[in-house]
Amino acid sequence: MSMMDNTLPTHAPPGFHLLAKPSGSTCNIDCTYCFFLSKEALYPNEKNRMSEATLEAYIRQLLESHRTPQVTVAWQGGEPTLMKLEFFRRSVELVEKYRRPGQVVQHTFQTNGILVDDDWCVFFKEHNFLVGLSVDGPREIHDAYRLDRRKQGTFDRVMEGWRHLHRHGVEFNILCTVNAANEKHGRAVYRFFRDEMGAKWVQFIPIVERATEETLDIANEGWSEQPGRKRLLYTQTGNLVTKRSVGGEQYGRFLVDIFEEWVRHDVGEVYVQLFDVTLEAYFGRHLLCIHAPTCGYGPALEHNGDVYSCDHFVEPKYKLGNIHQTHLLNLVASPEQRKFGDDKRDTLTPQCLRCEVRPLCNGGCPKDRFALSRDGDPGQNYLCAGLELFFKHTSPAMQEMAQLLKQGRAPSDVMALVAAEDARRGPYQPCPCGSGAKFRFCHGSRAPRSPFSGVSPAGAAPQQGPSA
Ligand code: SF4
Ligand code: SF4
């Protein structure tokens with residue numbers, strides 16, 4: 001091991017959002033679409049658990065690196081609950097040991113919820129953890145891909161974890177993937193989170209699993225272990241996608257379906273990450289790397305101290321170094337990482353450069369840029385049709401909300417404007433969502449109930465969201 005380089009760079013970013021994977025990619029379930037599972041192949045023969053020494057080095061360096069008062073300590077996986085509670089108690093102690101006066105630390109924790117019990121919740125509550133819970137929708141949808149190693153659905157066990165969080169008043173947000181099983185059910189999925197789970201924060205992540213002609217068949221079977229063969233290491237290559245991936249345009253339709261519900265009932269009550277960041281983008285602020293002009297401020301830390309450019313690029317080519325040899329800030333500020341982040345802007349296709357929603361979209365995440373543009377250029381975002389649809393469709397309402405904010409009013413006042421427009425148009429005109437159905441039987445007052453069973457009645461939460 002070489003000497004630690006302690007000279008900190010002066011041109012470093014004031015803050016960044018690192019995702020730490022204390023148990024590597026190891027998980028207690030085996031979701032079919034989860035290519036992170038395949039990353040175990042990067043560390044064969046290793047027990048993927050972060051040691052006390054790596055934990056301490058990480059927390060110390062993270063706090064030393066920040067010049068912003070806010071610091072986020074973000075845990076994810078794999079499944080971080082596999083580390084046991086003691087590890088996180090220690091992480092909180094270390095934060096207190098190394099926190100400089102004035103530094104405010106927010107702890108976040110992404111989990112599938114299965115091992116979340118009273119002990120975890122008491123701890124989360126005591127230290128104000130913001131817990132991200134992975135749920136893909138009501139039971140039938142969730143259990144399409146979120147399976148355990150015996151190929152059994154995990155919905156009931158996840159809801160058990162959620163009930164614990166709920167009972168203890170732990171703040172949680174829902175992280176929902178958008179995939180082939182739920183892409184046509186945006187509204188039902190959203191209503192389930194809002195009305196049955198009482199969610200106030202929701203985040204949607206498109207599933208785009210790339211494959212080549214050679215890997216497609218294996219990839220379609222899933223990234224989990226198959227009898228008689230080793231896991232395939234997922235890398236960001238190929239211009240095909242698995243059958244579980246969301247359709248490019250369908251991703252936009254899914255978001256629009258939810259937006260049309262949200263803008264009528266929930267503005268200021270339920271926070272949908274992409275809607276929030278889109279509104280911010282109207283003021284030139286980019287809170288989410290995916291739609292920012294450049295990125296590179298969200299590196300990933302593996303259990304052994306290795307740092308990669310991004311959680312989506314945990315592969316050998318994107319390894320920046322190890323915190324036991326090089327200070328975290330030097331890795332984040334390294335020329336390789338700056339190039340990684342600037343390439344996002346510098347590799348936009350001509351189609352993106354002349355696109356009218358480019359200031360909002362910025363070409364999306366580089367990991368999804370493997371399609372051909374309309375002009376036949378490589379490097380177009382696979383989700384482009386959906387992104388364009390979403391940003392264009394939401395533009396009038398977003399502009400109204402931006403205008404309200406500029407006047408010092410609440411963006412939620414947009415709901416009255418939308419209601420007035422609905423009344424003027426009448427119930428039997430086509431729904432503005434673009435479904436082709438009449439408004440009354442789509443996003444209007446007679447909108448159908450979810451066709452899915454959701455949470456079993458025995459454990460159902462009180463209706464918390466406004467009914468629609
Ligand atoms: S590669 Fe994508 S996910 Fe990673 S930092 Fe850049 S925009 Fe964000
Ligand atoms: S909508 Fe499509 S063309 Fe426009 S900036 Fe986004 S990815 Fe590029």
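**The shell around ligand 2**

Tutor: Three helices, α12 (350–353), α13 (358–361) and α14 (384–406), each contribute at least two residues to the shell around ligand 2. The model in which this shell is described is a predicted one. Among the three, α14 gives the largest share of the shell, with three residues. The residues that surround ligand 2 are Q351, C352, C355, V357, R358, C361, G363, G364, N381, C384, L387 and E388. Sorted by class, this shell holds six nonpolar, four polar and two charged residues.

Around ligand 1 stand C289, I290, C295, G298, C310, H312, K344, C365, P366 and K367. By class, the shell of ligand 1 divides into six nonpolar, two polar and two charged residues.

The wider fold comes next. The protein chain contains 15 helices and 14 strands. An open sheet of 10 strands runs in the order β9-β6-β5-β4-β3-β2-β1-β10-β11-β12, with mixed pairing. Its edges are β9 (271–272) and β12 (319–322); each has a single partner strand, so one side of each is left without a neighbour in the sheet.

Along the principal axes, the C-alpha atoms fill a box of roughly 70 × 55 × 55 Å. Of the 468 residues, 45% are buried. Among contacts in the protein chain with a separation of 6 or more, 72% join residues 24 or more positions apart.

D257 belongs to helix α8 (residues 248–265). D257 counts as buried because 24 C-beta neighbours lie inside 10 Å, where the threshold for a buried residue is 20 or more. Beyond its neighbours within four places in sequence, D257 is in contact with G186, R187 and C433.

K84 is in helix α2 (residues 84–98), whereas N128 is in the loop between α3 (118–126) and β4 (130–134). K84 is exposed, since 12 other C-beta atoms lie within 10 Å, and the limit for exposure is 12 or fewer. N128 is exposed as well, with 11 other C-beta atoms within 10 Å.

Finally, the confidence of the prediction should be kept in view. The protein chain has an average pLDDT of 91, and 93% of the residues score at least 70. Over residues 457–468, however, pLDDT stays under 50, and the model has 20 contacts beyond four places in sequence for this stretch.

Conventions
Residues are numbered from 1 along each chain as its sequence is written. Chains are lettered from A and ligands numbered from 1 in the order in which they are written. This is a predicted model: local features need pLDDT of at least 70, side-chain atom pairs count only at pLDDT 80 or more; totals for chains, interfaces and linings use all residues. A residue is near a molecule or strand if its C-beta atom, placed from the backbone, lies within 6 Å of it. Ala, Val, Leu, Ile, Met, Phe, Trp, Tyr, Cys and Pro count as nonpolar, Asp, Glu, Lys and Arg as charged, and the others, Gly among them, as polar. Two strands pair if DSSP finds at least two bridges between them. Helices (H or I, at least four residues) and strands (E, at least two) are DSSP runs, numbered from the N terminus. pLDDT is the predictor's confidence in each residue, from 0 to 100. Two residues are in contact if their C-beta atoms, placed from the backbone, lie within 7 Å.
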